[in-house]
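Student: Could you walk me through this one? I would like the charge pairs before anything else.
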Amino acid sequence: MFRKEIKVLDCTIRDGGLMNKWQFSKDLVKSVYDSCVAAGIDYMEIGYISSSDQFPRPEFGPWKFCAEDEIREIVGDNNTGTKLSVMADIGRINYDDIRPKDESVVDLFRVACYDYQIDKAIDLAHHVMDKGYDATINLMAVSKVNDRALDQVLEDVANSRVKTFYLVDSFGSLYCEDIHSLLDKYRTALPDRTIGFHGHNNTQLAFANTIECIRGGANMLDATMLGIGRGAGNCPLELLLSFLKNPKYRLEPIIKCIQDYIYPLKQNIDWGYFIPYMITGSQNDHPRSAMAWMASEQKDDYLAYYESVVKNKEI
C-alpha cells in the first residue's frame, strides 16, 4: 500500500466534464484545486486542452479548452506541490496553440490515442516535451486491441522519449486476470518507463483493478472525487487515498469538497452504477449508447436497453 514512487492524479474536472460538457462553475473547480493541494495530491488534471476552432462555444465549458488565462484564474502561479495536467486528443489540438512551458502553469500533457494513432501520439508527446512539458501517452480502449497491434504500439513507445505510458480500461470491461496480463506485457516491453492506470467503473472494478496495478508495479494512478467521470465513472479518489496509507496524503479536504460541491452534482448528472453502463462494460463496448439511453425518457427501462444491445450483437 505504501510505495514512495506512487503518484496520484485527480481527473475530477477532466473526466467528470464528459458528463456535463465541462460546464463547471469556477467555484467548484477552485474547490477541487484547493482540495487537491491541501490533500497532497501529486497532479490535478484541470481539463482537456483543445483548439477553440474544433468545438463550438458556449456549448462546451472552459475546461474543454484550458486557456492559460482561465487556468490562472483558478490556480494563480500554482506555487504548490500539486502539478497541473491537461489531456490532449489526437486531431483536436493545433500544435501552434501550445505555448512554451515557461509561459504556462501546466506541467504535464497527457496524450490520448487509439492504437492506430500511436505515431501521431508520439509526435505530439515529443512536441510538448520539446516545449518543456512532461508527457504521457494514454492508449485508449486497450480491451479492443489485438496482441499484434499492441506489440507494435509498445515497440513504438519503447523507441520514443516518452517516460510514462498508461494502461487505460476505457470501457470498464477488464477483469483482474486481464490487468495482470496487460501489465506484464507493458512492463516487459517498457522496463525503464513508468506505467500508469486509468480505470472506469462499469463493472464496479475500477478500484480493485487499481489495486491490482499497484501490486503489479504501476506508479501513476488516476482517480476522481466520488468517482465522477464518463458513464459509470472512475476509481474514487477517496477510496484510493484511504488504501495507500501514505502520510503525505490527507483525506479530509477531499471529503469536504465532495460534500460541498461534488455530491450536489448528482441532482443533475447520472454517473456511477446504472444498469446500462454495466451492460456496456460486460459487453466490452463504448458507453456512448448507454449515455444516450440515460439521457432519454426511457432511461429507467433497463430491460429494453439490454434487449437492444443483445439484438445488435446477434445481428
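**Salt bridges, barrel and a helix**

Tutor: A search of the whole structure finds 22 salt bridges, a salt bridge being a side-chain nitrogen of Lys or Arg within 4 Å of a carboxyl oxygen of Asp or Glu. This is a predicted model, in which local features need pLDDT of at least 70 and side-chain atom pairs count only at pLDDT 80 or more, while totals for chains, interfaces and linings use all residues. Residues are numbered from 1 along each chain as its sequence is written, and side-chain values use heavy atoms, with hydrogens and water left out.

Student: OK. Which residue forms a salt bridge with Glu45?

Tutor: Arg14 does, and the closest N and O atoms are 2.8 Å apart. Glu45 sits in strand E2 (residues 43–48) and Arg14 in helix H1 (residues 12–16), so the bridge ties together parts that are 31 residues apart in sequence. Helices (H or I, at least four residues) and strands (E, at least two) are DSSP runs, numbered from the N terminus.

Student: Is Glu45 buried or exposed?

Tutor: Glu45 is buried, at 0% relative accessible area. Arg14 is buried too, at 3%. Buried means under 20% relative accessible area, exposed over 50% and partly exposed in between, with a 1.4 Å probe and protein chains only.

Student: What about Lys248, what does its side chain meet?

Tutor: The side chain of Asp42, in a salt bridge of 2.7 Å, N to O. Lys248 is in the loop between helix H8 (237–244) and helix H9 (252–262), and Asp42 is in the loop between helix H2 (26–39) and E2, so this pair ties together parts 206 residues apart in sequence. Lys248 is partly exposed at 35% relative accessibility, whereas Asp42 is buried at 9%.

Student: And which residue pairs with Arg193?

Tutor: Asp192, with the closest N and O atoms 3.1 Å apart. Arg193 is buried at 14% relative accessible area, while Asp192 is exposed at 59%. Elsewhere, salt bridges that share partners join Arg14, Asp15, Glu45, Arg110 and Asp222 into one network.

Student: What does the side chain of Asp169 reach, then?

Tutor: The backbone nitrogen of Leu174, at 3.3 Å. The backbone nitrogen of Gly172 also lies 3.2 Å from a polar atom of the Asp169 side chain. A polar contact here is a pair of N or O atoms within 3.5 Å; within protein, one must be able to donate a hydrogen and the other to accept it, and residues adjacent in sequence count only if both atoms are side-chain atoms. Not counting residues up to four places away in sequence, Asp169 touches Leu174, Phe197, His198, Gly199, His200 and Asn209, contact meaning heavy atoms within 4.5 Å.

Student: Switching to the fold. How many strands are in the barrel?

Tutor: Eight, in a closed barrel that runs E1-E2-E3-E4-E5-E6-E7-E8 with parallel pairing. On average, neighbouring strands of this sheet are turned by 25° against each other, direction ignored. Helix H7 (residues 206–215) packs on the sheet and touches strand E6 (164–169), strand E7 (194–199) and strand E8 (220–223), its direction making about 170° with that of E7. Axes are lines fitted to C-alpha atoms, for helices over the stretch in contact, and angles run from 0 to 180 degrees between N-to-C directions. Two strands pair if DSSP finds at least two bridges between them.

Student: How many residues of H7 are buried?

Tutor: Seven of the 10, so H7 is largely enclosed by the rest of the structure. The cover over its buried residues includes E6, helix H6 (176–189), E7, E8 and H8. Gly217 follows H7 and has a positive phi, near 105°.

Student: Last one: where is Thr82?

Tutor: Thr82 is in the loop between helix H3 (68–75) and strand E3 (83–89). Thr82 counts as buried at 1% relative accessibility, and its side chain reaches the backbone oxygen of Ile41 at 2.7 Å.
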